[in-house]
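Work through the exercises below with the model open. Try each task before reading its solution.

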Amino acid sequence: MRNRYRVAARPVTVGVDGSAEGLDAVRWGAAEALSRGIPLRLAYAATEPSGTAGIGTAAQKALDKAVTVVADAVPAVYVYPSVLHSNPIDALVVASGTSELVVVGRSHRRSGACGSVPAAVAARAECPVVVVRGEDWSARERSQAPVVLGVDVGVAPDVDAVIRLAFEMADRRHAPLSILRAISTENARLVPTTTVFPYRDWRSAAAAEHAAMAGRLEPWRDSFPGVIVSEEIVEELPAPALLEASTSAQLVVVGSRRRGGLAGLVLGSVSQALMRQASCPVVVVPTHREAHR
């Protein structure tokens with residue numbers, strides 16, 4: 001069985017912290033690694049020196065528990081544990097440079113003024129970051145609930161990376177892909193336009209958005225002919241629209257929308273809202289041009 005895995009490939013890296021939410025992330029990451037045929041890396045971050053007995057014991061207990069969970073839930077996956085001697089944010093950001101995905105639980109340990117680990121990691125990561133949220137995400141996966149893609153054609157510099165990953169995840173799960181665009185004429189900057197003037201009404205905004213999306217989606221529809229795609233444009237702010245969609249989805253995929261003078265200082269408000277409140281796992285895809293994928 002092990003020979004079928006690309007052991008030298010980039011792994012799915014899961015941040016392990018010993019919490020129940022962290023173990024949910026372990027289960028999700030293990031299933032994803034198995035479906036991709038790549039290894040699962042369980043990463044425990046500790047700032048104390050490697051010789052510190054207390055951290056050594058805590059790390060060993062957390063990693064042993066995570067390995068047991070993997071053995072029970074996804075026994076066929078190739079898994080290896082590791083201790084990263086850094087704070088959780090820096091450790092997972094560094095790990096993102098050699099990972100296909102970084103996965104964290106919704107209540108991963110906090111980091112003071114930097115806020116939650118998921119938001120801070122997603123703001124700087126070089127690969128997609130998955131925040132495993134929601135109480136019944138595994139049941140939704142079994143019921144073939146849709147993968148929801150929230151995408152902003154007019155803003156994201158690399159929107160194709162977001163679209164590609166959403167199609168790949170829907171295809172791997174044999175799930176439908178629901179593409180949701182929320183636009184509001186109340187705030188001009190939320191309405192994509194090729195001129196300096198905002199759209200005057202929602203109908204023209206929706207028509208222009210539909211035309212723009214059709215062009216961007218065509219090559220991906222051709223590449224993934226087995227994925228059933230639906231599109232919806234709603235007159236709503238993006239965050240509440242995607243939060244509502246998350247209540248019946250198995251996964252929501254969005255771009256990172258990073259802002260700030262240095263890449264990755266601040267994560268966009270939509271991504272942050274989803275990581276805090278979504279009812280299912282959320283995938284945040286880097287859309288800065290420096291991202292390695």
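**Exercise 1.** In this predicted model, list the residues in contact with Glu-32, leaving aside its neighbours within four places in sequence.

*Solution.* Start at Glu-32 and skip the neighbours within four places in sequence. What remains in contact is Val-12, Leu-101, Met-169, Arg-172 and Arg-173.

**Exercise 2.** Is Glu-32 buried or exposed?

*Solution.* Take its relative accessibility, which is 2%. The cut-off for buried is under 20%. Glu-32 therefore counts as buried. For context, buried residues make up 51% of the protein's 293 residues.

**Exercise 3.** How do the axes of H1 and helix H6 (residues 159-173) cross?

*Solution.* Find the approach: the two axes come within 11 Å. Then take the crossing angle, roughly 85 degrees. Angles of 65 to 115 degrees count as roughly perpendicular, so H1 is roughly perpendicular to H6.

Now assign the contact residues. H1 contributes Trp-28, Glu-32, Ser-35 and Arg-36. H6 contributes Leu-165, Met-169, Arg-172 and Arg-173. Sorted by class, this contact has three nonpolar, one polar and four charged residues.

Terms used
Residues numbered from 1 in each chain as written. Predicted model: local features only at pLDDT ≥ 70, side-chain atom pairs only at ≥ 80, totals over all residues. Heavy atoms only, no water. Buried < 20%, exposed > 50% of the residue type's maximum accessible area, 1.4 Å probe, protein only. Contact = heavy atoms within 4.5 Å. Axes fitted to C-alpha atoms, helices over the stretch in contact; angles between N-to-C directions. Helix = DSSP H or I, 4+ residues; strand = E, 2+ residues; numbered from the N terminus. Parallel < 35°, antiparallel > 145°, perpendicular 65-115°, else oblique. Nonpolar A, V, L, I, M, F, W, Y, C, P; charged D, E, K, R; others polar.
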